[in-house]
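User: Hi, can you walk me through this one? I'm new to reading structures.

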Amino acid sequence: MRPSRRAVITTATAAAISAASTASAAQSRRRLRTGFERLAQDGYSLLDGQRTGIVTNPTGITRDARHIVDVMHADARVRLTAVFGPEHGFRGTAQAGGSEGRYDDPATGLPVYDTYLKSGRPLADVFTASGVDTVVFDIQDVGARFYTYIWTLYDCMEAAALAGKRFVVLDRPNPVTGRAALGPVLHKEFATFVGRQPISQAHGMTVAELARLFNEEFLTEPVPLETMTMSGWRRSEFYDASGLPWVPPSPNMPTPETALVYSGTCLFEGTNLSEGRGTTRPFELLGAEGVDRRWAAAANELALPGVRFREAYFAPTFSKFQGKTIGGVQLHVQDRAAFDPVRTGIALLVTAKRVWSGFAWRPDNWIDKLTGSTRVRTMIDAGADTDEVVAGWQEDLSGFRSMRRKHLLYG
């Protein structure tokens, strides 16, 4: 007798539940532990006897959402004597391009020093003035070259070396996986705070791996570096597999889904289109006055893997087109494992220029700073399609991938 359709569905559902339970149990057995969790479990022995300062922001939290500065300050085993705040500040009160300045933290009484836009000797002087022996770094990155916290890391490592300080990096997951490096590699003549050194646009590394790469490949004077790695993290995993709470690393990075598209759609900062700042979906919504349904249609015709585009209308509350209703697209990532954010970003630039006569680059050619050279801008202006633009950076990318491979810490 053939089983009923209901029985087949019930059996399939039971099998799915069983598989999910097995996967959940396996994840539980190998629960991810951040660098800070492992440091605390070890009784902070890595910091024993050291006057310690920490570079961090609101993302420096424990699994139960306590800030690590509050935790360390309350623990007699740690001599936490200073905090160093990056862009947006230690407690996260400043918008893009801002910081909190020098103040005493009301919760702990600790002095908070401002690192934003400081590098080299001026930043080394800040570390010297703080009186710390060891500088610790613990900030959640999002995996893109132009997200400035990795260059805060670089600048702090360089300054710690100049000041004769020891440097410790506490690792956290790359929220968009560590599977691959993607996109153009920065050319040194385009170095800025959105890209100090020649790495790819989506680097596919954790901050501890980047610290190793910076120290061994780029710093003129390497710093005494130690990394506290994670346990239980796999390169193929997205952030939701970590079991960790998500704290926006900056005001316009509200969710891990934002991070997923950011390394591609942030390129729209280099154009006269809105990149979605001032909406609840920054970097997922893109648009401008005069853009209509033709953009989404043109983008969907490319059949890019893992993503579809919806005609969208929105009114940013700040930044470009503040208070105006504009047209554009919303990205809907349907298969994040297949999705290539950088290729998608290029495809959206190519199609936007093709369907909207008002398309323009920012007058300061900021796009060159974001992509790391003039190549992307000049190729698109010359009429290159997506595949031609992507092909243009493959040789540089291959070289970076070889360098990157030597500094990876996880399988």
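User: What angle do helix H7 and helix H9 pack at?
Analyst: About 55°. This is a predicted model, by the way. Helix H7 covers residues 256–265, helix H9 covers residues 341–355, and their axes are 7 Å apart.

User: What do you call that arrangement of H7 to H9?
Analyst: Oblique. The oblique class takes what is left after under 35 degrees (roughly parallel), over 145 (roughly antiparallel) and 65 to 115 (roughly perpendicular).

User: Is the crossing of H7 and H9 left-handed or right-handed?
Analyst: Right-handed.

User: Which residues meet there, H7 against H9?
Analyst: From H7, they are Leu260, Val261, Ser263, Gly264 and Thr265. From H9, they are Pro341, Val342, Gly345 and Leu348.

User: How many of the residues in that contact are nonpolar, polar or charged?
Analyst: Five are nonpolar and four are polar. No charged residues take part in the contact of H7 with H9.

User: New topic. Where is Tyr147?
Analyst: Tyr147 sits in the loop between S5 and helix H5 (149–163).

User: Buried or exposed?
Analyst: Buried, because Tyr147 has 6% relative accessibility and the cut-off for buried is under 20%.

User: What is Tyr147 in contact with, leaving aside neighbours within four places in sequence?
Analyst: Asp141, Val142, Pro249, Ser250, Met253 and Tyr262.

User: And how far is Tyr147 from Ser263, C-alpha to C-alpha?
Analyst: 8.6 Å. Along the chain, Tyr147 and Ser263 are 116 residues apart.

User: Now sheets. What is the strand order in the seven-strand one?
Analyst: S3-S4-S2-S1-S5-S6-S9. The sheet is open, and its pairing is mixed. Strand S3 (103–104) and strand S9 (225–228) are the edges, each pairing on one side only.

User: How do S2 and S4 run, parallel or antiparallel?
Analyst: Parallel. Three bridges join strand S2 (residues 79–85) to strand S4 (residues 111–114).

User: Which strands does helix H4 lie across?
Analyst: S2, S4 and strand S5 (134–138). Helix H4 (residues 120–130) runs at about 155° to S2. Helix H6 (residues 207–218) packs on the sheet as well, touching S5, strand S6 (166–170) and S9.

User: What about the three-strand sheet, which order?
Analyst: S10-S12-S11, open, with antiparallel pairing. Strand S10 (285–288) and strand S11 (307–314) each have a single partner strand, so one side of each has no neighbour in the sheet.

User: How many bridges join S11 to S12?
Analyst: Eight. Strand S12 spans residues 326–333. Arg308 stands opposite His332 in S12.

Technical notes: Residues are numbered from 1 along each chain as its sequence is written. This is a predicted model: local features need pLDDT of at least 70, side-chain atom pairs count only at pLDDT 80 or more; totals for chains, interfaces and linings use all residues. Side-chain values use heavy atoms; hydrogens and water are left out. Two strands pair if DSSP finds at least two bridges between them. Helices (H or I, at least four residues) and strands (E, at least two) are DSSP runs, numbered from the N terminus. Contact means heavy atoms within 4.5 Å. Axes are lines fitted to C-alpha atoms, for helices over the stretch in contact, and angles run from 0 to 180 degrees between N-to-C directions. A crossing is left-handed if the near helix is turned anticlockwise from the far one by less than a right angle, and right-handed if clockwise. Ala, Val, Leu, Ile, Met, Phe, Trp, Tyr, Cys and Pro count as nonpolar, Asp, Glu, Lys and Arg as charged, and the others, Gly among them, as polar. Buried means under 20% relative accessible area, exposed over 50%, partly exposed in between (1.4 Å probe, protein chains only).
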